[in-house]
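Subject: Handing over a structure

Dear colleague,

I am passing on a structure that you have not worked with before, and I would be grateful if you could read the notes below with it open beside you.

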Amino acid sequence: MRPVDLARKLRREAVFQSVAVDRGKAVLMAAIRQEVAATHRPTIVPQVPYQDISAALAFLERAFGFREIPTARFVRADGELLHATVEFGNSLVGVGGQGHHGAISPMSGGVESQFISVQVDDVDAHYQRAVAAGARIADELRDHSWGERTYWALDLEGHRWRFAQSIRDART
């Protein structure tokens, strides 16, 4: 049911039962999130390989503020987690096992082959969260002449993440 239809139904029920408002809030908000998500998903989604997908998901959430999309999990019949998707803002990142499509974790390969840049609203607070969660800082928080404030961190398997905020946004 579309969010607008749910809102109308909720209004009608609320006239007769005030408890219907509380009951309907979660359903309405879930429908709104689903509709917004469907229209604002990115067209490019990087896939990042990990030896331990479950540990990677926990770390990405705790240290960097990513959120797993539970409905995007791919689990084999024997229960092994093969792939998951996390979101940050309106962006997605696939988290999968190594060897898929030839990609391997820096932990196995011994070298970083790429980095991922993430724009954040408050890079100073994000940095503090990452440090508190045990992220290895590869490049300290600093301002750049091109107008960004950034830091670089390595996740638990050595993938390099760059977090940035426009200096103009940081001062407002």
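Predicted model: local features only at pLDDT ≥ 70, side-chain atom pairs only at ≥ 80, totals over all residues.

Residues are numbered from 1 along each chain as its sequence is written, and side-chain values use heavy atoms, with hydrogens and water left out.

The whole chain

The chain has six helices and nine strands, where helices (H or I, at least four residues) and strands (E, at least two) are DSSP runs numbered from the N terminus. Of its 172 residues, 37% are buried, a word that stands for under 20% relative accessible area, with exposed meaning over 50% and partly exposed in between (1.4 Å probe, protein chains only). The accessible surface of the chain is about 10,500 Å², and carbon and sulfur atoms hold 55% of that surface; the areas come from the Shrake-Rupley method with a 1.4 Å probe, and for residues only the protein chains shown count as cover. Taking the contacts (heavy atoms within 4.5 Å) between residues at least 6 apart in sequence, 53% join residues at least 24 apart.

Four strands form an open sheet in the order 6-9-8-7, with mixed pairing, two strands being paired if DSSP finds at least two bridges between them. Its edge strands are strand 6 and strand 7 (136–143), each of which pairs on one side only, and the twist averages 15° from one strand to the next.

Strand 9 (residues 160–166) is mostly covered, with six of its seven residues buried. It pairs with strand 6 (residues 115–119) in the parallel sense over five bridges, and there Arg160 is the bridge partner of Phe115. With strand 8 (residues 148–154), strand 9 pairs in the antiparallel sense over seven bridges, and the hairpin of these two strands has five residues between them, including Gly158 with a positive phi near 95°. Strand 8 also pairs with strand 7, in the antiparallel sense over five bridges, and Asp143 stands opposite Arg149 of strand 8.

Two residues to look at

Ala164, which lies in strand 9, is the bridge partner of Thr150 and is buried, with a relative accessible area of 0%. Leaving aside residues up to four places away in sequence, Ala164 touches Val118, Gln119, Val120, Val123, Glu148, Arg149 and Thr150; from Val120 it is 44 residues apart in sequence and 6.0 Å apart in space, C-alpha to C-alpha.

Asp124, in helix 5, is partly exposed, with a relative accessible area of 30%. With the same exclusion of residues up to four places away in sequence, Asp124 touches Leu141 and Arg149, and the C-alpha atoms of Asp124 and Leu141, 17 residues apart along the chain, are separated by 7.5 Å.

A pair of helices

The axes of helix 3 (residues 53–64) and helix 5 (residues 123–132) come within 7 Å and cross at roughly 135°. The contact is made by Glu61, Arg62, Ala63 and Phe64 of helix 3 and by His126, Arg129 and Ala130 of helix 5. Axes here are lines fitted to C-alpha atoms, for helices over the stretch in contact, and angles run from 0 to 180 degrees between N-to-C directions.

With kind regards
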